[in-house]
Amino acid sequence: QVQLVESGGGLVQAGGSLRLSCAASGRTFSTYVMAWFRQAPGKERDFVASSWSSGSKVYADSVKGRFTISRDNGKNTVYLQMNSLKPEDTAVYFCAARGLSSSTYEFWGQGTQVTVSA
């Protein structure tokens, strides 16, 4: 079992920055693929970015060049640095984890609200 706790959300003006953090429990953090998803009001949950311990990263087209995912396996934490924020980035952001051999994300955090004002 992995427990995930997000933090760092808040209200920011368009063009600003925020850094989200996700702290994970457990001793096998480095074996998990970590990801961020987001869900805007009335919309489905969308993929934002993912990170492998190997260093590989994947981003949604909508955030490429603006968001950066990183992880510190020593601290069991994954981060999402969000720059040049836009009002359309407003959503609840969720941290998620899956095993390398799993096709679905098995563990989810409770989410943190990010609101970008125009």
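## Strands, a disulfide and a core

Trainee: Which residue stands opposite Thr 112 in β11?

Mentor: First, a heads-up: this is a predicted model, where local features need pLDDT of at least 70 and side-chain atom pairs count only at pLDDT 80 or more, while totals for chains, interfaces and linings use all residues. Residues are numbered from 1 along each chain as its sequence is written, and side-chain values use heavy atoms, with hydrogens and water left out. β9 and β11 pair in the antiparallel sense over three bridges (strands are DSSP runs of E, at least two residues, numbered from the N terminus; two of them pair if DSSP finds at least two bridges between them). Across from Thr 112 in β11 stands Tyr 93.

Trainee: Is Thr 112 buried or exposed, and what is its relative accessible area?

Mentor: Buried means under 20% relative accessible area, exposed over 50%, and partly exposed in between (1.4 Å probe, protein chains only). Leaving aside neighbours within four places in sequence, Thr 112 is in contact (heavy atoms within 4.5 Å) with residues including Glu 6, Leu 20 and Tyr 93. Thr 112 counts as buried, and its relative accessible area is 11%.

Trainee: Which residues form the uncovered face of β11?

Mentor: In a regular strand, side chains alternate between the two faces of the sheet. In β11, Thr 112, Val 114 and Val 116 make up the covered face. The uncovered face is Gln 113, Thr 115 and Ser 117.

Trainee: What stands opposite Ser 117 in β11?

Mentor: Strand β2 (residues 10-13) runs parallel to β11, and four bridges join them. Opposite Ser 117 you'll find Gln 13.

Trainee: Which strands stand at the edges, each with a single partner strand?

Mentor: Look at the open sheet of four strands, ordered β1-β3-β8-β7 with antiparallel pairing. Neighbouring strands there are turned by 15° against each other on average, direction ignored (axes are lines fitted to C-alpha atoms, and angles run from 0 to 180 degrees between N-to-C directions). Two strands have one side left without a neighbour in the sheet, so they are its edges: β1 (4-7) and β7.

Trainee: In β3, which residue is the bridge partner of Glu 6?

Mentor: β1 and β3 run antiparallel and are joined by four bridges. Glu 6 is partnered in β3 by Cys 22.

Trainee: Why is the disulfide of Cys 22 and Cys 95 left-handed?

Mentor: A disulfide here is a pair of cysteine sulfur atoms within 2.5 Å, and this one joins Cys 22 to Cys 95 with S to S 2.1 Å. Cys 22 lies in strand β3 and Cys 95 in strand β9, 73 residues apart, linking distant parts of the chain. Cys 22 is buried at 0%, and Cys 95 also counts as buried at 0%. The disulfide is left-handed because the torsion about its S-S bond is about -80°.

Trainee: Which residues touch the most other members of the largest nonpolar core?

Mentor: A nonpolar core is a set of buried Ala, Val, Leu, Ile, Met, Phe, Trp, Tyr and Cys residues joined through side-chain atoms within 4.5 Å. The largest has 28 residues, and the elements giving it two or more residues include β3 (18-24), β4 (32-39) and β9 (91-99). A second, separate core of five residues includes Val 33 and Tyr 105. In the largest core, those touching the most other members are Leu 4, Trp 36, Leu 80, Met 82 and Tyr 93.
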